[in-house]
Amino acid sequence: MTPRQIYVVDDNHEFRDSLRFWLEGFGCQVRDWGDPRDALQSLARVAVGTTWPESTCLMLDVRMPELSGLDLHDALRERGIHLPVIYMSGHADVPLAVAAMQKRGAVSLLEKPLDDAALSAALDRAFAPTDVDSGIDAEVEGSREEFERRSQTLSPRERQVLSLVVKGLMNKNIADEIKLSLKSVELYRSRGMRKMKARSVTELTRIMVSRRA
């Protein structure tokens, strides 16, 4: 069996070392960069005359100086490098999360610190036989059906509040928008998150954006 090859780009040295240790412990081959511009140059050189094996994927930090993970993804695609991408973020930045999950080739968005089970599941999706350009449709149909099942348990108010959370609005702004008390918004948000089985705003965004695209 061909070992999984994972390219990691993150400007945090300690995080890269920790992630490399985890991935190599599971038999993956890892190459990492702290500067996305160096990664772009290196991967572009490797890509010349190369057919990427199916067991290859990218793990990109969303926020990096000079060149964001989203910009790096675009630059690689412009050079004909089409690989599945797992985005990582240490910030509860909903607009960025939405933009990341709408990228073609993006299979998941993970929030730092990475959860072992979530990382393992994201890697399984990245290496599942599929068309990379199908992007977030790489999720299995069963997951889509599960999303629909959970979504149907939401009340109209819970659905309304969560849709505004995914747009990046804070509780106070949501309360002003839909003319409810702050306490009511917090209650609907809490209930909705629990029904959708989302542990954070980033995870909620990933769930809702990926299934609706």
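Is asparagine 171 buried or exposed? At 18% relative accessibility, asparagine 171 counts as buried, because the cut-off for that class is under 20%. The model is a predicted one.

**Overall make-up**

The protein has 213 residues, and 48% of them are buried. Its secondary structure consists of 10 helices and five strands. Take the contacts between residues at least 6 apart in sequence: 66% of these join residues at least 24 apart.

**Helix H8 and its two faces**

Asparagine 171 sits in helix H8. This helix covers residues 171–178. Its buried residues are Asn171, Ile174, Ala175 and Ile178. Seen down the axis of H8, they fall within an arc of 100°, so they line one face of the helix. An α-helix has 3.6 residues a turn, so residues three or four places apart point the same way.

What does the buried side of H8 pack against? Its partners are helix H7 (156–166) and helix H9. The face turned away from the buried side carries Lys172 and Glu177, both exposed. Just after H8, lysine 179 has a positive phi of about 60°.

**Packing of H8 on H9**

Helix H9 spans residues 182–196. The axes of H8 and H9 lie 9 Å apart and meet at an angle of about 110°. H8 is therefore roughly perpendicular to H9, since angles of 65 to 115 degrees fall in that class. Both helices supply residues to the contact, as the table shows.

| Helix | Span | Residues in the H8–H9 contact |
|---|---|---|
| H8 | residues 171–178 | Asn171, Lys172, Ile174, Ala175 |
| H9 | residues 182–196 | Leu182, Val185, Glu186, Arg189 |

By type, the residues of this contact are four nonpolar, one polar and three charged. Lys172 takes part in the contact, although Lys172 is also an exposed residue on the face turned away from the buried side of H8. Ile174 and Ala175 are buried and belong to the contact as well.

**Asparagine 171 in the contact**

Which residues does asparagine 171 touch, leaving out those up to four places away in sequence? They are Leu182, Val185, Glu186 and Arg189. These four are also named as the H9 side of the helix contact. With arginine 189 there is a polar link: the two side chains are joined by a polar contact of 2.7 Å. Asparagine 171 is thus a buried residue with a side-chain polar contact to arginine 189.

Methods: Residues numbered from 1 in each chain as written. Predicted model: local features only at pLDDT ≥ 70, side-chain atom pairs only at ≥ 80, totals over all residues. Heavy atoms only, no water. Axes fitted to C-alpha atoms, helices over the stretch in contact; angles between N-to-C directions. Parallel < 35°, antiparallel > 145°, perpendicular 65-115°, else oblique. Contact = heavy atoms within 4.5 Å. Nonpolar A, V, L, I, M, F, W, Y, C, P; charged D, E, K, R; others polar. Buried < 20%, exposed > 50% of the residue type's maximum accessible area, 1.4 Å probe, protein only. Arc of directions from axis to C-beta. Polar contact = N/O pair within 3.5 Å; in protein donor to acceptor, adjacent residues only side chain to side chain.
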